[in-house]
Every structure is written in structure tokens, then in C-alpha cells.
Amino acid sequence: MQDKLLVSACLAGKNCRYDGKSQKVDYVCDLVKRGIGVCICPEQMGGLDTPRVPSERVGDLVLSKEGKDVTEEFEFGAYEALNIAQEFEIEYAILKSDSPSCGKGRIYDGTFTGNFCEGNGFTTDVLLEHGIVVMDENEGKLWYDKYYKK
Ligand code: SF4
């Protein structure tokens with residue numbers, strides 16, 4: 001069992017999504033409340049506003065729905081998340097599915113039509129490249145039930 005896990009802040013009830021809302025999940029809130037979950041929001045940490053125009057990955061770039069290139073902000077936020085993981089020696093993360101930052105295995109396909117493609121968010125890619133295990137919120141729930149549920 002790990003002392004600390006990275007968690008997407010929006011899953012912990014923080015209103016950091018592009019639309020200024022959260023995607024609250026009770027077990028993630030419990031992890032944060034108990035000091036186990038360490039909140040990250042790579043898009044905010046990369047300097048983007050909240051609310052903000054939504055963005056999607058297009059290959060190695062991230063573009064906003066208005067066509068602005070926000071790749072640099074996404075990269076910066078991804079490495080900030082890695083810095084936090086390394087600072088606290090965190091080896092596992094529970095991140096929000098489908099996001100161009102936090103998604104794992106499936107993300108929005110860059111057309112802003114609600115369709116998906118195979119791939120990872122920027123932060124997920126950086127964390128995986130550095131040996132951190134990334135779970136989405138469904139995989140994380142199984143992990144929580146096994147190791148942390150009281
Ligand atoms: S960047 Fe990650 S933590 Fe921030 S709102 Fe998007 S999915 Fe949630």
C-alpha cells in the first residue's frame with residue numbers, strides 16, 4: 001500500500017475543469033481527506049485559466065476549440081505533475097479518464113465532436129514514461145476497495 005497517490009483534482013471535487021465544474025468521485029475525495037490523495041490539475045498548473053476553452057490532443061499538439069496551440073501549457077503542467085510525484089516519491093496515480101491531460105488509453109480525438117481515439121493525455125504519457133502507474137477512476141476504485149477502504 002502506498003502512503004500517497006496522485007489524483008486528478010477534478011475527481012476530488014475541485015472545480016478545475018474547463019467548464020469550471022468538477023467530476024467528483026466520493027472515494028477520491030476520501031483519499032484526499034485522509035492525506036493519501038495528492039491533488040494535481042495539470043491544465044491549471046500549466047497556467048491555463050478556469051473556466052477555459054476546451055482543448056484536445058491532435059497528435060503531438062494540443063489545440064483549443066478555437067484553434068489556439070496550448071501544447072506548451074499542457075507540457076508544462078505535465079512536468080509539474082511529475083515534479084510533485086518525484087518530490088513525494090509517489091508511484092501511482094488515479095487520473096480522470098478521456099482528458100487530453102489525464103486520460104489513459106482513450107482520449108477525445110481532436111475533432112471536438114465527442115468522439116474518442118486511442119491514446120493518452122499529456123500528463124499520463126509523462127508519468128508513464130517515468131515509471132508511474134496510472135489508473136483511471138474505475139481502475140482506481142478497485143485499488144481503493146482493495147487497499148484503502150475502511
Ligand atoms: S487537467 Fe486533469 S485534473 Fe485538471 S480538470 Fe482536466 S482532467 Fe481534471
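Trainee: Which residues surround the ligand?

Mentor: This is a predicted model, in which local features need pLDDT of at least 70, side-chain atom pairs count only at pLDDT 80 or more, and totals for chains, interfaces and linings use all residues. Residues are numbered from 1 along each chain as its sequence is written. A residue is near a molecule if its C-beta atom, placed from the backbone, lies within 6 Å of it. The ligand is surrounded by S8, A9, C10, C16, R17, C41, P42, E43, K96, S99, S101 and C102.

Trainee: How many residues of the shell around the ligand are nonpolar, polar and charged?

Mentor: Ala, Val, Leu, Ile, Met, Phe, Trp, Tyr, Cys and Pro count as nonpolar, Asp, Glu, Lys and Arg as charged, and the others, Gly among them, as polar. By class, the shell holds six nonpolar, three polar and three charged residues.

Trainee: Is A12 buried or exposed?

Mentor: A residue is buried if 20 or more other C-beta atoms, placed from the backbone, lie within 10 Å of its own, exposed if 12 or fewer, and partly exposed in between. Because A12 has 24 other C-beta atoms within 10 Å, this residue is buried.

Trainee: With which residues is A12 in contact, leaving aside its neighbours within four places in sequence?

Mentor: Two residues are in contact if their C-beta atoms, placed from the backbone, lie within 7 Å. With those neighbours left aside, the contacts of A12 are V7, V28, C29, V32, G37 and C39.

Trainee: What separates the C-alpha atoms of A12 and K33?

Mentor: A12 and K33 are 21 residues apart along the chain. The separation of their C-alpha atoms is 9.2 Å.
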